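I set out to record what I looked up in this structure, one entry at a time.

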Amino acid sequence: MSTTTITHDEEHHDHPTGIMRWLTTTNHKDIGTMYLTFSLIMFLVGGAMVLGIRAELFQPGLQLMKPEFYNQLIGVHALIMIFSALMPAATGFANWMIPLQIGAPDMALPRLNNWGFWLLPPSAILLTLPFTLALFGIGDGAIATGWTFYPPLSVQGGIGVDFAIFAVHLLGISSVMGSINIIVTLFNMRAPGMTLMKMPMFAWGWLITAFLLVATIPVLAGAVTMLLTDRHFGTHFFSAAGGGDPIMFQHLFWFFGHPEVYILLLPVWGFIPQILQTFSRKPMYGYKAQVYSLWAIGALSVVVWAHHFFTAGMPVPALLYFMYSTMAISLPLAVLFFCWIKTMWRGSMTFETPMLFAVGWIILFGIGGLTGLVLADVAADAQYHNSYFVVAHFHYTLFAGGIMGIMAGVYYWLPKMTGHMYNEKLGKVHFWLTAIAFNMTFIPQFFLGLAGMPRRIPDYAIQFTEFNEISTIAAFALGFSQLLFVYNIVMCVKGGKKATDKVWEGAVGLEWTLSSPPPYHSFTEQPTVN
Amino acid sequence: MSVESNEAEIASSKLKLANKKLGLKMLWFVAGAIAFSIALVPFYNLMCSITGLNGKTDNSASSIAKAKVDNTRLVTVEFVGSVMSGLGWNFYPKQSSITLHPGQIATVLFEAKNITSQELAGQAVPSVTPGEGAVNLKKIECFCFQKQTLKGGEVKEMPLRFFIDPALPPEVKVMTLSYSFFPAVEEKK
């Protein structure tokens, strides 16, 4: 019983309170909470920006803002949603749940963990500060190139580009540190008896994500650093006049950018099967097949990047290679879809909020995946490239596939994290509002894209008006529905019905063996897995 | 009790050490990824010069001697001239296209005019479509080999002497050679 005495002592000394608790904490749950809170705040900030974009697109012509400002909103919306909302949410879950799921007392490198989080707020400030500076006449606002930083525009752009480059540096360092921490935790800290092939699916999803991050974030960091030296130190990596090549940036960027898509999604593919299994009350189908598929997707994701710029000009053999390799990803993904559906098959299913989100997620993410196959077709892509079809497609994968998946996770684990049940009725209302408003926002955009409306332009031809109006109204409904989500979370943190340790009837896994909320130091006695 | 707690402490400090070790090993992984990202630049340029992936032509003078004229087929070469923003020039090819046998040497003229009153230096950057043919376009003499300087209002004819390597893939029948004049880059600040 000596282990309990030791931890008991620790709980009494060096336990700062107030702001210092959060600044100096090395506790995985505190850090996880900070990640998730930061993510939620930035989700609202990024959402507010996109409402500005949709408001401008409500009618053709320019009503609310100058095109320059519109372009800034678009770029910063994307950077915030990807790097400050989705990625921190996944990392937050990793911090909270991976130690609990694998029976570890904490993350392997707690100080690194703290540092990893505290790099995020400065990076968010760097991203948004140019907006404020422009109000005082300094610079001409935030980055206006879109999130892709394509030169030559990004070489010519104002100080917003520099701010964004440094923000990406910080974000990159933060996520590489987070990834190293997760890899080390998963390799060294598993409970006795838990072999790699007994790890929960969420841990598998994150292990592959972490390797992808470590391998590709440095490439992004390298590319934006070259951009920085092109801008200020007289190099010509991307300037054709100096012997460089702007297309090279696209290769470097998407070498990171395509794996990034899977970085955002793999953690979700990890915990969705766990949610499905919980509410279907039967074991996960095809655990091994899912693990191998995750690996296959992770490996393929780094060799398909050029499908993002088919129209930039490429020899036909290269076009064919990138088309076929991209389409090949749909095979392991189809295996995953099959396993998810088969997990539910003939289960005794109930539809609590997490399950609603998970099932809705399968359908909507499926649409995102299938429209991606259309875009991967070189011949079709010539029409769809840079159109609203692309916008609709990646919002189906990243809003439905990413954020709605994360929401499923939030509702699933919130009772475990807070010790209280959330308001089930409000959760269901939130799901239905989100799902309906989401589809109403983005289905019209598929048709707008097919009809030829280009993305990233604040104005459009009048024949696109009606669909844009529908899309804008629905986008506002979607945005304001999220306030329900925030309200539900806040009320759940403050109080509510006590949650049991197991929370869900069919819950499986070590995290449900602890009390709700778990003690500050989890697993004072190491569990063993048979 | 104390023996047990000692053992637990030893185990936990061992684990800490192992974590640190693996963490540092992962840093090597990151360092490798950074090195890889830098190595991608020369690798990309190498790939382009081998395959003509980005339509870049060999920007040094080729010797005339060896090429034999392939009289069995004709290739049409179209010319495009453009000026990038920041350079106050007009620039266009004096003939829009030429049809010739591979191996045959041709000379075409481009005309540039400085429409400002200041002296301006420009650098022409070539690009060939389709990229498969880029490596087969051999230049003997070209205004693009070095930067060109025009005084205010000056008009200059710029010659290009080139031939098509007979090794050109047979499916390429029409090629477009585009020159874009960029403001010349200042040498080393």
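**Entry 1: domains of chain B.** I looked up the distance between the domains and found that the C-alpha centres of domain 1 of chain B and domain 2 of chain B lie 50 Å apart. Domain 1 covers 1–51 and domain 2 covers 75–183 of chain B; such bounds come from an automatic or database domain assignment.

I note that this is a predicted model, in which local features need pLDDT of at least 70, side-chain atom pairs count only at pLDDT 80 or more, and totals for chains, interfaces and linings use all residues. Residues are numbered from 1 along each chain as its sequence is written, chains are lettered from A and ligands numbered from 1 in the order in which they are written, and side-chain values use heavy atoms, with hydrogens and water left out.

**Entry 2: the five-stranded sheet.** I traced an open sheet with the order β3-β1-β9-β5-β7 in chain B, with mixed pairing. Strands are DSSP runs (E, at least two residues), and helices likewise (H or I, at least four), numbered from the N terminus; two strands pair if DSSP finds at least two bridges between them. β3 (97–100) and β7 (148–150) of chain B are at the edges; each has a single partner strand, so one side of each is left without a neighbour in the sheet. Neighbouring strands of this sheet are turned by 30 degrees against each other on average, direction ignored; the axes are lines fitted to C-alpha atoms.
I then followed β1(B), residues 75–83, which pairs with β3(B) in the antiparallel sense over four bridges. V75(B) stands opposite L100(B) in β3(B).

**Entry 3: the four-stranded sheet.** I found a further open sheet in chain B, ordered β2-β4-β8-β6, with antiparallel pairing. Which strands stand at its edges? They are β2 (89–93) and β6 (137–142) of chain B, each with a single partner strand. The twist averages 25 degrees from one strand to the next.
Five bridges join β2(B) to β4(B), residues 105–114, and the two run antiparallel. W89(B) stands opposite N114(B) in β4(B).

**Entry 4: a surface patch on chain A.** I listed a nonpolar patch on the surface, with W432(A), F447(A) and L450(A) among its residues and about 740 Å² of accessible area together for the whole patch. Its elements giving two or more residues are α17 (424–450) and α18 (465–494) of chain A. α17(A) gives the most, with six residues.
Patch residues have over 30% relative accessible area and no salt bridge, and nonpolar side chains are joined within 5 Å; a salt bridge is a side-chain nitrogen of Lys or Arg within 4 Å of a carboxyl oxygen of Asp or Glu. Areas come from the Shrake-Rupley method with a 1.4 Å probe.
Lastly, I checked L450(A), which is found in helix α17 of chain A. L450(A) is partly exposed, with a relative accessible area of 34%; buried means under 20%, exposed over 50%, and partly exposed in between.

Key:
Patch = residues over 30% accessible without salt bridge, like charges linked within 9 Å, V, L, I, M, F, W, Y side chains within 5 Å. Buried < 20%, exposed > 50% of the residue type's maximum accessible area, 1.4 Å probe, protein only. Axes fitted to C-alpha atoms, helices over the stretch in contact; angles between N-to-C directions.
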